[in-house]
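Visitor: I have a structure to look at and have not seen it before. Can you walk me through it?

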Amino acid sequence: MKIYKPKEELRPYVRYYWILESMEPFNVLTFPIGCPQMIFHRGTPLFIPELSTSQNRFTISGQVNFPAHITSDGDTSMIVAVFHPHTVGMFIDTPPSAFYNQEISGYDLEKKSLNLLADRVFECADAQAAIPLLEQWLMSRINHVLNIDRIGIALSAMLNSTSLSVETLASVTCLGKKQFERLFRECVGMNPKEYGRIARFQHALRIMQLGSRNYADIAYANGYADQSHFIREFRQFSGLTPKQLMEYQTPYSDLYTNPV
């Protein structure tokens, strides 16, 4: 896998891009990462058993609250843009709440500019050459609005302290609770309480990634009621207990790791 840093102008909106090209079949367990993605498959799209479907050649992946296994038949060539939790809607003119817990075809949005982008990506001589095209398109779609800033402030506070209440998050954006919840759901794709649970799970993964195996301390550090509560929610989002995950694969938090 190769990872690419966005242009400086795009960094408030796009976290990173990655390219994966492989002729080897694989099966990977994935978790809710809290960030929507735009995916272009130049090879065979990945199959997701939990959804009983393959990804579309041009897929937009929304916020999800469940683990999934992704499988490849060995003909993989994919380009992925990973967005910040609240910014993808600006580029596709569609609120992420419309594809909550779904992976949809970008073509189904029936946006001419999106379709032309996909066509140009697939026409590139190689995957790496598609990144400048994708960035050029994203740059042309920037339309920064106040609400992006407001939700960005709330997300920063949430990621710094995953146990903050919705009322506290609303107050830092100078919005009422109901208005904040509506705006958060529109921009992020799920309600703030549910997203907070995913952020808490991802932060626990980060602590494990850094080497901790003291699950009681991890539970306390992340605001879980107790270790049992932590293990129960961990299993909900990963399909495994923390101990089982350690035996299955090395913990890795996408949301709390900057790969570039």
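Guide: A word on terms to begin: helices here are DSSP runs of H or I with at least four residues, numbered from the N terminus. By that count, Glu 233 is found in helix α9, residues 227–238. The model is predicted.

Visitor: Is Glu 233 buried or exposed?

Guide: Glu 233 counts as buried, because its relative accessibility is 7% and the cut-off for buried is under 20%.

Visitor: What does Glu 233 touch?

Guide: Not counting residues up to four places away in sequence, Glu 233 touches Arg 197, Arg 200 and Tyr 224.

Visitor: And how far is Glu 233 from Ile 198?

Guide: Their C-alpha atoms are separated by 9.2 Å, and the two residues are 35 apart along the chain.

Visitor: Let me back up. What is the mean pLDDT of the protein?

Guide: The mean is 95, and 100% of the residues reach 70 or more.

Visitor: Where is confidence lowest, and where highest?

Guide: Strand β6, residues 53–54, is lowest with a mean of 92. Strand β4, residues 37–41, is highest at 98.

Visitor: On to helix pairs. How do α2 and α3 cross?

Guide: Helix α2 covers residues 112–123 and helix α3 covers residues 130–140. Their axes come within 9 Å and cross at roughly 165°. The cut-off for roughly antiparallel is over 145 degrees, so α2 and α3 are roughly antiparallel to each other. The crossing of α2 past α3 is right-handed.

Visitor: Which residues meet there?

Guide: From α2, Ser 113, Leu 114, Leu 117, Arg 120 and Val 121. They meet Ala 130, Leu 133, Leu 134, Gln 136 and Trp 137 in α3. By class, this contact has 7 nonpolar, 2 polar and 1 charged residues.

Visitor: Which residues of α3 are buried?

Guide: Ala 130, Ile 131, Leu 133, Leu 134, Glu 135, Trp 137 and Leu 138 are buried in α3.

Visitor: What covers them?

Guide: The cover includes strands β1 (2–4), β2 (14–22), β4 and β9 (76–83), along with helices α1 (88–92) and α2.

Visitor: Pick a residue in β2 for me. What about Ile 19?

Guide: Ile 19 has its place in strand β2. Ile 19 is buried, with a relative accessible area of 5%. Leaving aside neighbours within four places in sequence, Ile 19 is in contact with Met 1, Lys 2, Tyr 4, Met 78, Ile 79, Ala 127, Gln 128 and Ile 131. Ile 131 is one of the buried residues of α3.

Visitor: And one in β9, say Ala 81?

Guide: Ala 81 sits in strand β9 and counts as buried, at 0% relative accessibility. Residues up to four places away aside, Ala 81 touches Tyr 16, Tyr 17, Pro 36, Gln 37, Met 38 and Leu 134. Leu 134 is also among the buried residues of α3.

Visitor: How far is Ala 81 from Leu 183?

Guide: The separation is 23 Å between C-alpha atoms, for residues 102 apart along the chain.

Visitor: Leu 183 is in which helix contact?

Guide: In the contact of α4 with α6, residues 177–188. The axes of α4 and α6 come within 10 Å and cross at roughly 95°. That makes α4 roughly perpendicular to α6. Asn 147, Ile 151, Ala 154, Leu 155 and Met 158 of α4 make the contact with Phe 180, Leu 183, Phe 184, Cys 187 and Val 188 of α6. By class, there are 9 nonpolar, 1 polar and no charged residues.

Visitor: How does α4 cross α7?

Guide: The axes of α4 (residues 146–160) and α7 (residues 192–209) come within 10 Å and cross at roughly 45°. The two helices are therefore oblique to each other, and α4 passes α7 in a right-handed crossing. Leu 155, Met 158 and Leu 159 in α4 meet Pro 192, Tyr 195, Gly 196 and Ala 199 in α7. By class, that contact has 6 nonpolar, 1 polar and no charged residues.

Visitor: Last topic, loops. What is the phi of Asp 93?

Guide: Near 55°, a positive value in a residue other than glycine. Asp 93 is in the loop between α1 and β10 (103–105). At 47% relative accessibility, Asp 93 counts as partly exposed.

Visitor: What about Asn 101?

Guide: Asn 101 has a positive phi near 60° and is likewise not a glycine. Asn 101 is found in the loop between α1 and β10.

Methods:
Residues numbered from 1 in each chain as written. Predicted model: local features only at pLDDT ≥ 70, side-chain atom pairs only at ≥ 80, totals over all residues. Heavy atoms only, no water. Axes fitted to C-alpha atoms, helices over the stretch in contact; angles between N-to-C directions. Parallel < 35°, antiparallel > 145°, perpendicular 65-115°, else oblique. Left-handed = near helix turned anticlockwise from the far one by under 90°. Contact = heavy atoms within 4.5 Å. Nonpolar A, V, L, I, M, F, W, Y, C, P; charged D, E, K, R; others polar. pLDDT = per-residue confidence, 0-100. Buried < 20%, exposed > 50% of the residue type's maximum accessible area, 1.4 Å probe, protein only.
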